[in-house]
Amino acid sequence: MSNAPTPPLAPLVMIVEDEGPMRRFLRSFLSGSGYRLQEAASGAAALQLAAEKAPDITLLDLGLPDMDGQDVLIKLRSWLKTPIVVLSVRDQDTQKITALDHGADDYLIKPFSTGELLARIRVALRHAAEQRSGVESSVFESADLKVDLAARRVFVRQTEVHLTPIEFKLLSILVHHCGRVLTHQHLLQEVWGPKRSQSPQHLRVFMAGLRRKIEPDPAQPKYLVTEQGVGYRLAME
Ligand code: CA
């Protein structure tokens, strides 16, 4: 008999999706990737299942038969602390922004690649774990970019680059949420505060300055990625 310790339970994913084929596809590929699963085919079932099973992460379709997915999101987010990733055919910017403002951690447009979904799930779960432990690394590194949040220093290929205070603030917010899309509104509020009325255009100016300093090719950003009409994301390797 082996005395090997029991491995920790795989994360529990709640799939909220009314379409059978899509649910089966997610089930086979996520269970094949080692996740435990629970499934709900309606908004009401999702709310009940979440309360009973406390999923580690929720994949939420917005087009549900009994409730609008945005309302399900608001209800879940009122108490559920774990990540919620929206998977939707709704590709309008307003739907994405609304979902992110309602507390979705991420938003993927169907059809998406399985690799992309797995990457987003990993990012969301890692953020949640960091938040729970209260330990967030103060140094971010991806490819040639290194951001030392505590020392407020930024390096590109080991050479220090000097950022303005606003540029550093913008970059540090993106680092805190790396891999996740942040809406223009979210970034504007965090950088300039809720009372200021800077526009997305204002943000674009500072983002352009930041890209010139840290991107190998500012015209084709590899770190500071534009989410068209929605906001920005700091891409990770
Ligand atoms: Ca649907």
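Is Gly-63 buried, partly exposed or exposed?

Analyst: The model is a predicted one. Gly-63 is partly exposed, because its relative accessible area is 34%, and that value lies between the 20% limit for buried and the 50% limit for exposed. Asp-61 falls in another class: its relative accessible area is 3%, so Asp-61 is buried.

Both residues belong to the calcium site. The ion is coordinated by Asp-18 and Glu-19, through OD and OE respectively, and by Asp-61 through OD and Gly-63 through O. The distances run from 2.2 to 2.8 Å. Along the chain, the donors of the calcium ion follow the spacing D-E-x41-D-x1-G.

Turning to the rest of the fold, the secondary structure of the protein comes to eight helices and 12 strands. Four of the strands make up an open sheet, with antiparallel pairing and the order β6-β7-β8-β9. At its edges are β6, residues 139–142, and β9, residues 159–161, each of which pairs on one side only. From one strand to the next, the twist averages 20°. Strand β7 covers residues 145–148 and is joined to β6 by four bridges, the two running antiparallel. In this pair, Ser-142 stands opposite Leu-145 of β7.

Helix α8, residues 200–214, lies across β7, β8 and β9, and α8 runs at about 55° to β8.

For the protein as a whole, the radius of gyration is 19 Å; a compact globule of 237 residues would have one near 18 Å, so the two agree. The C-alpha trace spans about 50 × 50 × 30 Å along its principal axes. Of the 237 residues, 46% are buried, and Asp-61 is one of the buried residues. Among contacts with a separation of 6 or more, 58% are between residues 24 or more positions apart. The accessible surface comes to about 12,200 Å², and carbon and sulfur atoms account for 52% of that area.

How values were computed: Residues numbered from 1 in each chain as written. Predicted model: local features only at pLDDT ≥ 70, side-chain atom pairs only at ≥ 80, totals over all residues. Heavy atoms only, no water. Donors = N, O, S within 2.8 Å, 3.2 Å for Na, K, Ca; no water. Buried < 20%, exposed > 50% of the residue type's maximum accessible area, 1.4 Å probe, protein only. Pairing = 2+ DSSP bridges. Axes fitted to C-alpha atoms, helices over the stretch in contact; angles between N-to-C directions. Contact = heavy atoms within 4.5 Å. Rg over C-alpha atoms; globule rule 2.2 N^0.38 Å. Areas by Shrake-Rupley, 256 points an atom, 1.4 Å probe, with all protein chains shown as cover.
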